[in-house]
Amino acid sequence: AAEDAREAVCAANEALVDEFEEKVSYVEFLINTAQAQLDAMYNGDAANKPINAEQVVAYWKEQVALAEKNLATQQDAVIEAEMAIEQFNAGTYTAELQYKQAILKLETATAAYEAALEVYNQRLAELQAVIEALAK
């Protein structure tokens with residue numbers, strides 16, 4: 001019985017250690033995220049500069065807006081390439097080379113769009129994490 005009690009206490013302690021390590025990891029993530037934000041806001045010279053929550057949120061809103069703009073640009077390029085392919089298929093493009101160029105443009109534009117979407121989603125997630133952290 002004493003051995004069972006000791007094992008139960010050890011298991012409870014290990015669970016607490018795991019929970020603590022998880023919390024420490026999250027705090028380190030928040031610190032690293034905040035430092036990266038400050039470095040970006042002050043071009044790497046954030047030491048001893050005052051900052052408030054509104055500035056951080058404004059910074060991330062700006063980053064999200066920039067990502068949205070880039071996303072829209074890439075989406076326009078995808079649409080343009082798709083239209084060129086449709087024109088070729090309809091017979092208004094006659095050269096096979098133009099068709100191949102349109103395919104290449106579509107692939108390039110799609111890849112750029114997907115990359116922009118990934119950046120946008122990451123920036124949006126970072127903004128949400130900052131807002132959640134500030135709300136705690």
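Biologist: How many salt bridges does the structure hold?

Modeller: This is a predicted model, and the structure holds 2 salt bridges.

Biologist: How are glutamate 19 and lysine 23 placed along helix 1?

Modeller: Glutamate 19 and lysine 23 are 4 residues apart in helix 1, which means that about one helical turn separates them.

Biologist: Why is glutamate 19 called partly exposed?

Modeller: The relative accessible area of glutamate 19 is 41%. Buried means under 20% and exposed over 50%, with partly exposed in between; glutamate 19 is therefore partly exposed.

Biologist: Which side chains meet in a salt bridge at 3.4 Å?

Modeller: Those of glutamate 126 and arginine 123 do, the distance being taken from N to O. Since the limit is 4 Å, the value of 3.4 Å qualifies. Both residues lie in helix 3, 3 residues apart, or about one turn of the helix.

Biologist: Are glutamate 126 and arginine 123 to be called buried or partly exposed?

Modeller: Glutamate 126 has a relative accessible area of 17%; because buried means under 20%, glutamate 126 counts as buried. Arginine 123 stands at 23%, between the limits of 20% and 50%, so arginine 123 counts as partly exposed.

Biologist: How far apart are glutamate 126 and isoleucine 31?

Modeller: Glutamate 126 and isoleucine 31 are 95 residues apart in sequence, and 13 Å apart in space from C-alpha to C-alpha.

Biologist: Why is alanine 81 called buried?

Modeller: Alanine 81, whose place is in helix 2, has a relative accessible area of 4%. The cut-off for buried is under 20%, and alanine 81 is therefore buried. Leaving aside residues up to four places away in sequence, alanine 81 touches Ala102, Lys105 and Leu106. Alanine 81 and threonine 110 are 29 residues apart in sequence and 9.2 Å apart in space, C-alpha to C-alpha.

Biologist: What span does helix 1 reach, and which of its residues are buried?

Modeller: Helix 1 has 40 residues and reaches 58 Å from its first C-alpha to its last, close to the 58 Å expected. The buried residues of helix 1 are Thr33, Gln37 and Leu38. Just after helix 1, asparagine 43 takes a positive phi of about 50 degrees.

Biologist: What volume does the largest pocket have, and which residues are closest to its centre?

Modeller: The largest pocket has a volume of about 270 Å³. Of its 14 lining residues, Ala34, Gln37, Val130, Ala133 and Leu134 are the closest to its centre. Helix 1 gives the largest share of the lining, 5 residues. By class, the lining has 10 nonpolar, 3 polar and 1 charged residues.

Note on methods: Residues are numbered from 1 along each chain as its sequence is written. This is a predicted model: local features need pLDDT of at least 70, side-chain atom pairs count only at pLDDT 80 or more; totals for chains, interfaces and linings use all residues. Side-chain values use heavy atoms; hydrogens and water are left out. On a 1 Å grid over the protein atoms alone, a cavity is a set of points where a 1.4 Å probe fits but cannot get out, and a pocket is an open set with protein on both sides within 12 Å along at least five of seven lines; lining residues have an atom within 4 Å of a point. Grid points are joined across faces, edges and corners, and a volume is the space filled by probe spheres set on the points. Helices (H or I, at least four residues) and strands (E, at least two) are DSSP runs, numbered from the N terminus. Ala, Val, Leu, Ile, Met, Phe, Trp, Tyr, Cys and Pro count as nonpolar, Asp, Glu, Lys and Arg as charged, and the others, Gly among them, as polar. Buried means under 20% relative accessible area, exposed over 50%, partly exposed in between (1.4 Å probe, protein chains only). Contact means heavy atoms within 4.5 Å. The expected span of a helix is 1.5 Å times one less than its number of residues.
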